[in-house]
Amino acid sequence: MNVAHLVCLDCQREYSLDDPRWRCDCGGPLDIRYFPVFDISNIWERPPGMWSYREALPLKADAQMVSLGEPLTPLVPLKISGREVLMKQEQLFPTGSYKDRGVSLLISHLKSIGITDIVEDSSGNAGASMAAYAARAGMRCRILVPEGASAGKLTQIRAMGAKLQSVRGNRQAAADAAVQLADSLFYASHAWSPFFYHGTKTIAFEICQQLGWRPPEVLILPVGGGSLLLGAHIGFKELKQAGFISRLPRIIGVQAENCNPLARIFNSTDPTGDLPADFLPLPTIAEGIAVSRPIRHRQVIAAVKESKGAFISVSEAEIQGTYKNLLHRGFYVEPTAAATIAGVESFIRLYPDPRGVIASVLSGHGLKVQPV
Ligand SMILES: *Cc1c(COP(=O)(O)O)cnc(C)c1O
Ligand SMILES: [Zn+2]
């Protein structure tokens, strides 16, 4: 890997990659500027999974890698409304969600710059993943969750030795409380850290590799903060820049109708606009995507636009129906994962005969939640 920098998306100011900061001095979110390298012969020699693309991940020394053996998740075909869709089984990660892709790289980076104490806010899965990788790295970890987070996720976080704190109010209240602690503990936010989505980008590498180094035509993803979507988009772009693929897939972002700020902006008359100040989310059973004020909203909307994609919103009734249906077809996932597939159903209804490969993901395991 060549020299990489942190760069502010708002004011373009650059910082060293080793600078222990979670945002720019101007308050803007950071990205990582560098040119990834792909070495095919190395990829084949390594165990399959995200770290087989080692040269494309911004971490200097192999010795700093914090891994729990992230698998190359299977792409399993599933018929949806008569159309075959390839489902990436992201619920099969060590802590039960795709978050492990981002957290494995983020914790590796934090370890490499000497961080020993972290704080993170989460609705559950990111916290569980942080707790696991912090434990693996020997770091102290504090997780702030909103009231009403799934009991199974809280149990998981506590069991791995993280300090768990419940914050009154919604997901945003937990994020605000974490920022308050950021003076004394490193704010290892999966929403703010660009290392997180440079980890999740490996989903794009894997899908292309599994399809014989071809991208799917359409990729349908859940969107809360958008870190999986951003990662996927960047991953496909890096593969295109490296000459492995010749086009990007259309990326369709799925949000819960009850909490869909990005879908609203995207479909509004001013898609470059800010989040509406008066936006009031309603509760949703898709707790993993209930993010009312996504930090990287401009970046996520630009990514969907560049891919010639779209946003789809799904109702609680649709999520519930798809959830039951997935369970009865043998896919033991959480309701948030079902929201994505409800979006796949809508997509196929809207575009009955799309050409080419449609891929999507099952983002979280069902064992953490009580089926409803
Ligand atoms: C975090 C999460 C998502 C959404 O990810 P974002 O990066 O916030 O868009 C989707 N599904 C599950 C199960 C999650 O845990
Ligand atoms: Zn800045």
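**View 1. V145, a buried residue in strand 7.** V145 has 2% relative accessibility, so it counts as buried. Buried means under 20% relative accessible area, exposed means over 50%, and partly exposed lies in between (1.4 Å probe, protein chains only). V145 sits in strand 7, which covers residues 140-146. Strands (E, at least two residues) and helices (H or I, at least four residues) are DSSP runs, numbered from the N terminus. T73 is 72 residues from V145 along the chain, and 28 Å separate their C-alpha atoms.

This is a predicted model, in which local features need pLDDT of at least 70, side-chain atom pairs count only at pLDDT 80 or more, and totals for chains, interfaces and linings use all residues. Residues are numbered from 1 along each chain as its sequence is written, chains are lettered from A and ligands numbered from 1 in the order in which they are written, and side-chain values use heavy atoms, with hydrogens and water left out.

View 2. Two strands pair if DSSP finds at least two bridges between them. Strand 6 (residues 117-121) runs parallel to strand 7, and five bridges join them. Look for D121: its bridge partner in strand 7 is L144.

View 3. Strand 1 (residues 5-8) and strand 3 run antiparallel and are joined by four bridges. H5 faces R33 of strand 3 as its opposite residue.

**View 4. The zinc ion (ligand 2) and its four cysteines.** The SG atoms of C8, C11, C24 and C26 coordinate the zinc ion (ligand 2) at 2.3 Å. Donors are N, O and S atoms within 2.8 Å of the metal (3.2 Å for Na, K and Ca); water is not among the atoms, so sites may look incomplete. The angles among the four donor atoms are 106 to 117°, and the site is tetrahedral. Along the chain, the donors follow the spacing C-x2-C-x12-C-x1-C. C8 in strand 1 and C26 in the loop between strand 2 and strand 3 are 18 residues apart, and this pair links distant parts of the chain. C8 has 1% relative accessibility, so it counts as buried. C26 reaches 46%, so it counts as partly exposed.

**View 5. The surroundings of ligand 1.** Ligand 1 is surrounded by 16 residues, the closest being Y98, K99, G226, S227 and S363. A residue is near a molecule if one of its heavy atoms lies within 4 Å of it. A polar side-chain atom of Y98 is 2.7 Å from an oxygen atom of ligand 1. G224 places a backbone N or O atom 2.8 Å from an oxygen atom of ligand 1. In S363, a side-chain N or O atom lies 2.7 Å from a nitrogen atom of ligand 1.

**View 6. N125 in helix 3.** Helix 3 (residues 125-137) contains N125. With 7% relative accessibility, N125 counts as buried. Its side chain makes a polar contact with the side chain of K368, at 2.7 Å. A polar contact is a pair of N or O atoms within 3.5 Å; within protein, one must be able to donate a hydrogen and the other to accept it, and residues adjacent in sequence count only if both atoms are side-chain atoms.

Definitions and conventions: Tetrahedral: all angles 85-135°; square planar, octahedral: opposite > 155°, others 65-115°.
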